[in-house]
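Notebook open, structure loaded. I want to jot down what I looked up, one topic at a time.

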Amino acid sequence: MESLTLRASPAAASPLQRRLSGRRATSVRATASASAGEPDLSVRVNGLKMPNPFVIGSGPPGTNYTVMKRAFDEGWGAVIAKTVSLDADKVINVTPRYAKLRAEPNGDARSRIIGWQNIELISDRPLETMLNEFKELKKEYPDRILIGSIMEEYNKAAWHELIERVEESGVDALEINFSCPHGMPERKMGAAVGQDCDLLEEVCGWINEKATVPVWAKMTPNITDITQPARVALKSGCEGVSAINTIMSVMGINLKTLRPEPCVEGYSTPGGYSARAVHPIALAKVMQIARMMKEEFADGQSLSAIGGVETGNDAAEFILLGADTVQVCTGVMMHGYGLVKQLCTELQDFMREHNFASIEDFRGASLPYFTTHTDLVQRQQEAIKQRKAIRKGLQSDKDWTGDGFVKETESMVSN
């Protein structure tokens, strides 16, 4: 497999050096072409070649062998498995664990789902079971990209053991869950690390001194400035960042029972918010990270965008901001694994409309058009001056011409 070749390096090099030497990612235009005239959706990210930029986001769609196999069979570019840790016995999920927000104010069941909340924890399956399924998937799909999502307690030895065991299963990369907004914060897991840059830097150091495959740090949006932890993760050796994970939320109160949703034995807890309603927030966070990466990093670090993707146009927006790949989790839970075919078709339609031959042709194309409010004011004032100058018309009677007489007259009409 090509990605294994890219990982080959001198034995004397450190794990971090070995990774950086072979997998400095640049999403380059793929040489393997589609049919003549068809936009090419393939990407290469951190040395990993994918048939398209659409990635199953970590969560229920990647929770076991059966569903991950289905994702590969349907054509997803890569699969990120549900997050694992060393001791699954500490992970106890509840039911119900989801709640929906619909477009209609009265919550009409026929109206569109625009928001989705979960209070689900990471995988409750034994680590060895998940690892055996990873091995089976890589055996059956050797040329497809499988990414392990991992999360562990604040313990260097535990992180190193988890990384070693997950890598031995044959995964192509690791995504580090620094962003789960609920569950086990007392164990310094998930967002408890991603919201503390000092802690994040230390843990990223542990991870990157051990890992020999590309590492993506998954960012939490539940922070004032998302560029700060993203910067720390990249400076600490991570090859990429993913953003955003879910937004801390309370989905609502049942006005008949007066109990919060999702309701478990009459009680609830704040959870992670996703689906269409978070898309604008995700765009803003991804834009901020992409600008920071463009200004401060030039070694091919990657950006995987997440948040409310249900159409090819949603994905195009993220790519226009600089994303290399686009993850989908809640969208799959609502629409099924076959959604990837729609996403690919719609993204190719967008590319045809603008004569883009590859993803790289438009990646980051919209990023330069973001600026400060002060600059917007200055730009508008200058534009108004120019328009006034045009509308002012002739300065003197000597400026009249015979050929342009009608237009010159109109230039001085006020209505």
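I started with Phe 54, whose bridge partner in E16 is Val 326. Strand E3 (residues 54-56) and E16 run parallel and are joined by 3 bridges. For me, strands are DSSP runs of E with at least two residues, helices are runs of H or I with at least four, and both are numbered from the N terminus. Two strands pair if DSSP finds at least two bridges between them.

This is a predicted model, so I note that local features need pLDDT of at least 70 and side-chain atom pairs count only at pLDDT 80 or more, while totals for chains, interfaces and linings use all residues. Residues are numbered from 1 along each chain as its sequence is written, and side-chain values use heavy atoms, with hydrogens and water left out.

**More on E16.** I also found 3 bridges from strand E15 (residues 302-306) to E16, again parallel. Ser 304 has Thr 325 as its bridge partner there. Thr 325 and Gln 327 point one way from E16 (residues 325-328), Val 326 and Val 328 point the other way, and all are buried. Buried is under 20% relative accessible area, exposed is over 50%, and partly exposed is in between (1.4 Å probe, protein chains only).

**Open sheet.** I traced 4 strands in the order E5-E6-E14-E11, with antiparallel pairing. E5 and strand E11 (247-249) are at the edges with a single partner strand each, so one side of each has no neighbour in the sheet. I looked up E6 and strand E14 (residues 271-274) too: 3 bridges join them. Gln 117 stands opposite Tyr 273 in E14.

**Aromatic pairs.** I got 7 of them in the structure. Rings of Phe, Tyr and Trp (its six-membered ring) pair if their centres lie within 6.5 Å; planes under 30 degrees apart are stacked, over 60 edge-to-face, and the rest tilted. Tyr 98 and Trp 116 make a tilted pair, 5.6 Å centre to centre with 45 degrees between the planes. That pair links Tyr 98 in strand E5 (residues 98-102) with Trp 116 in strand E6 (residues 113-118), 18 residues apart. Tyr 98 is partly exposed at 30%, whereas Trp 116 is buried at 8%. Trp 159 and Phe 178 are also tilted, at 6.4 Å and 50 degrees. Trp 159 sits in helix H5 (residues 156-168) and Phe 178 in the loop between strand E8 (173-177) and helix H6 (191-194), so the pair ties together parts 19 residues apart in sequence. Both Trp 159 and Phe 178 are buried.

**Salt bridges.** I use a side-chain nitrogen of Lys or Arg within 4 Å of a carboxyl oxygen of Asp or Glu. By this rule I have 22 salt bridges. Glu 74 and Lys 341 meet in one at 2.4 Å, N to O. Glu 74 is in helix H3 (residues 65-74) and Lys 341 in helix H12 (residues 339-353), so this pair ties together parts 267 residues apart in sequence. Glu 74 is buried at 17%, but Lys 341 is partly exposed at 46%.

Arg 352 forms a salt bridge with Asp 349, closest N and O atoms 2.7 Å apart. Both lie in helix H12, 3 residues apart, about one turn of the helix. What joins Glu 38, Asp 349 and Arg 352 into one network? Salt bridges that share partners do.
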